[in-house]
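Notes follow in the order in which I checked things.

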Amino acid sequence: MNRNDPCWCGSGQKYKKCHLAFDEKLTLLERQGEEVPPRKVIKTKADIEGIKKAAAVNNAILDLVGTKIHAGMSTEEINTLVHNYTIEHGGIPAPLNYSGYPKSVCVSINNVVCHGIPSEDTILKDGDIVNVDVTTIVNGYYADASRMYMIGEVTPEAKRLVEVARECLIKGVEAVKPWGHVGDIGAAVNAHATANGYSVVIDLGGHGVGNDFHEEPFVPHVGEEGEGMLLVPGMVLTVEPMINEGAYEVYIDEKDDWTVYTEDGLLSAQWEHTILVTEDGIEILAY
Ligand code: MF3
Ligand code: CO
Ligand code: CO
């Protein structure tokens, strides 16, 4: 790209006035041995606007779930709620038919870590802790977030897990800095989980998101500060730690090939945000 060409990011500015210094910085850091993100995961202005529109619908869906969720409701009803709201607001539920996933949302109860498939036969009951994970596509752009909901009276132990899992998410998000590293996220999450006597799932993690459901980089929720891919302005990624009451090990249901359970049958909790790395920090897009 020539200095006077319009910048690849679509800002309309000349390359020399826009991303030239950024590209030179990345080239230098790569020569110094840093793992740098590929250009395809650096969002343009138009990408970011698009992802924000998807996030607005996604956030509204999770708010709606919060007003409707109750004991006695089937997880299929949550699926219908999410599916219909998405379609009515010009979106597409990303999970539906994603790698053969059969429903429009993931609903994961108690010892289900993630990817719980909604069913008429799964009825929410008093004391359950429930993760609802929603991913919405609007005009080809993706936003991905999940929240925990507590049904009726939950035990103090379950409540503490849900709260600490939320704190782990916040610690992970706060660890994201422009020109920092992906490993900073896992280091912060794991430190907070273990300090509270919990463990962090390692088989699944966060991910780049925005132009596709799952993009580079993979975002582990355990790690070492200063390690892994460089985090640079324009990257959009999820932080979504799965925090277990007992051991970190998980297994996948043999029958449906999706549902992830804790190996020891103890509780698991998860919250997820989609965040944008900016010049001077981060912006939370989907929550
Ligand atoms: N929303 C999940 C995530 O946070 C992915 C679900 S994949 C599905 O990455 F197919 F189960 F929907
Ligand atoms: Co998700
Ligand atoms: Co995700």
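I began with the cobalt ion (ligand 3): its site is irregular, with angles of 51 to 163° among 6 donor atoms. The model is a predicted one, and I read the geometry as such.

I then listed the protein donors of this ion. Asp144 (OD), His207 (NE2), Glu240 (OE) and Glu272 (OE) coordinate the cobalt ion (ligand 3) at 2.0 to 2.2 Å. Along the sequence I found these donor residues spaced D-x62-H-x32-E-x31-E. Asp144 sits in strand β5 (residues 141-150) and Glu240 in the loop between β9 (236-239) and β10 (242-244), so this pair ties together parts 96 residues apart in sequence. I checked burial for the two, and both Asp144 and Glu240 are buried.

Next I turned to the cobalt ion (ligand 2). Asp144, in strand β5, and Glu272, in the loop between β13 (268-270) and β14 (273-277), link distant parts of the chain, 128 residues apart.

Which residue bridges the cobalt ion (ligand 3) and the cobalt ion (ligand 2)? I find that Asp144 does, with the ions 3.3 Å apart. Asp144 has a relative accessible area of 2%, and Glu272 has one of 0%.

Last I went through the surroundings of ligand 1. I counted 14 residues around ligand 1, the closest being Asp144, His207, His214, Glu240 and Glu272. By class, this shell holds 6 nonpolar, 4 polar and 4 charged residues.

- A polar side-chain atom of His214 is 2.8 Å from an oxygen atom of ligand 1.
- For Glu272, an N or O atom of the side chain is 3.0 Å from an oxygen atom of ligand 1.
- For His207, an N or O atom of the side chain is 3.1 Å from an oxygen atom of ligand 1.

How much of what ligand 1 exposes when taken alone does the protein bury? I have 330 Å² for ligand 1 alone, of which the protein buries 96%.

Note on methods
Residues numbered from 1 in each chain as written. Chains lettered and ligands numbered in written order. Predicted model: local features only at pLDDT ≥ 70, side-chain atom pairs only at ≥ 80, totals over all residues. Heavy atoms only, no water. Donors = N, O, S within 2.8 Å, 3.2 Å for Na, K, Ca; no water. Tetrahedral: all angles 85-135°; square planar, octahedral: opposite > 155°, others 65-115°. Helix = DSSP H or I, 4+ residues; strand = E, 2+ residues; numbered from the N terminus. Buried < 20%, exposed > 50% of the residue type's maximum accessible area, 1.4 Å probe, protein only. Near = heavy atom within 4 Å. Polar contact = N/O pair within 3.5 Å; in protein donor to acceptor, adjacent residues only side chain to side chain. Areas by Shrake-Rupley, 256 points an atom, 1.4 Å probe, with all protein chains shown as cover. Nonpolar A, V, L, I, M, F, W, Y, C, P; charged D, E, K, R; others polar.
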